[in-house]
Amino acid sequence: MTTQTGQTLPTVPPILVLGATGNVGGEIARQLLQAGVSFQVGVRQPGRVSFPDSVDVQRFDAADSSSYTVLSGIERLFLLWPPGTDMQRDVQPVIEAAAARGVQQVVFLSILGAEKIRVVPHRRAEQLLEASGMDWVFLRASYFMQNLSGVHRDDVRLRNEIFLPAGNGKTSFVDVRDVAAVAVHALLHGTRNVAYDLTGPQALDYDDVASIFSVTLGRRIRYTRPSALTFVRVSRQRGTSLSFALFMLAEYTAARLGLAGRVTQDIPELLGRPAIRLRRFAEDFRDAWL
Ligand SMILES: NC(=O)c1ccc[n+]([C@@H]2O[C@H](COP(=O)([O-])OP(=O)(O)OC[C@H]3O[C@@H](n4cnc5c(N)ncnc54)[C@H](OP(=O)(O)O)[C@@H]3O)[C@@H](O)[C@H]2O)c1
């Protein structure tokens, strides 16, 4: 394929990336572009995104089955469960449509431990994919480092604190760039029927995180260790919806109970280099908290 700028891109089976305006999908798109690969993105509002000319931007809304036509002709699909959507209503039909329209491989963004926590929507999607007849790859990712530059950014930036109810529990933070690199590897190699457990290289508690941020930002960042009740109350005062505050509470309670600290070797084994450390993440995204 030749782009408008005359650049020739390597030929790979047609790839569609969903969630390309989000953390992981956005990074997958960046890395596919860097690899010079031709691909499509499916976004809800094509008029509001800007991708380079070589990216084929299509309208796709999981809640609107008329947009599923974009799946025709696609061989490899990156799929996620968008937070706040309903698995049965919004993701199951996408999986069924993908299988019916001849998609051959789905790389699905899941969560670490999904195979054990059967109540999470991610496990339901995994089961649907396992039974779909399509090849599947599950990216069972630990807690994203990018939550600290996303949902918790202003706590650090404006209040010099890390404010979440994880007690002394450790978390094996993973950088979204590593999750995306594994997704890109799977999409380009056509990997079949593998579940990867994706964590960072170390399990850290939030005092460790506060120390790393203090050194990187050159000012004191404190981990304030709020109780569950205080976390929900203050989050509400700061404009977070009750459902999202409770969702975060559940997530950080798992960390507090020691369930979020497992470190795996899947990233270094697959990519042939160490997983990104939190210190490097903090340095790379330093401007986010200034
Ligand atoms: N945060 C963590 O620590 C963590 C760890 C492991 C796994 N996960 C899982 O990762 C997933 C979220 O991934 P992310 O952080 O990359 O996403 P994100 O940044 O939250 O972005 C969500 C994406 O989904 C798209 N989207 C929303 N509703 C849609 C719809 N109806 N149809 C099509 N696209 C829709 C959004 O596009 P628009 O531009 O159209 O809004 C956006 O691109 C969740 O399933 C979460 O459980 C998160």
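**Figure 1. Confidence across the predicted model.** The protein averages a pLDDT of 95, where pLDDT is the predictor's confidence in each residue, from 0 to 100. A score of at least 70 is reached by 97% of the residues. Residues 1-5 fall below 50. Beyond near neighbours in sequence, this stretch has 10 contacts in the model; contact means heavy atoms within 4.5 Å. Where pLDDT is low, the predicted coordinates should not be read in detail. This is a predicted model, in which local features need pLDDT of at least 70, side-chain atom pairs count only at pLDDT 80 or more, and totals for chains, interfaces and linings use all residues. Residues are numbered from 1 along each chain as its sequence is written, and side-chain values use heavy atoms, with hydrogens and water left out.

**Figure 2. The overall fold.** The protein has 10 helices and nine strands. Helices (H or I, at least four residues) and strands (E, at least two) are DSSP runs, numbered from the N terminus. The radius of gyration is 19 Å, close to the 19 Å that the globule rule gives for 290 residues, so the protein is as compact as a globular protein of that length. That radius is taken over C-alpha atoms, and the globule rule is 2.2 Å times the number of residues to the power 0.38. Along the principal axes, the C-alpha atoms fill a box of roughly 50 × 40 × 40 Å. Of the 290 residues, 50% count as buried. Buried means under 20% relative accessible area, exposed over 50%, and partly exposed in between (1.4 Å probe, protein chains only). Among contacts with a separation of 6 or more, 74% join residues 24 or more positions apart.

**Figure 3. Tyr 196 in strand S8.** Tyr 196 is found in S8 (residues 194-198). Is Tyr 196 buried or exposed? Tyr 196 counts as buried, at 10% relative accessibility. Leu 112 is 84 residues from Tyr 196 in sequence, yet their C-alpha atoms are 8.9 Å apart.

**Figure 4. Ala 282 in helix H10.** Ala 282 lies in H10 (residues 278-284). With 1% relative accessibility, Ala 282 counts as buried. Ala 282 touches Ile 212, Phe 213, Thr 216 and Trp 289, leaving aside residues up to four places away in sequence. Ser 214 is 68 residues from Ala 282 along the chain, and 10.0 Å separates their C-alpha atoms.

**Figure 5. Helix H7 and its cover.** The buried residues of H7 are Phe 231, Val 232, Val 234 and Ser 235. An α-helix has 3.6 residues a turn, so residues three or four places apart point the same way. Helix H8 (242-256) is included in what covers the buried residues of H7. Gly 239 follows H7, with a positive phi near 100°.

**Figure 6. Two loop residues with positive phi.** Most residues other than glycine have a negative phi. Asn 160 has a phi near 55°. Asn 160 lies in the loop between helix H4 (153-159) and strand S7 (161-162). Asn 160 is partly exposed, with a relative accessible area of 27%. Arg 225 has a phi near 50°. The loop that holds Arg 225 runs between strand S9 (222-223) and helix H7 (228-237). Arg 225 is partly exposed, at 35% relative accessible area.
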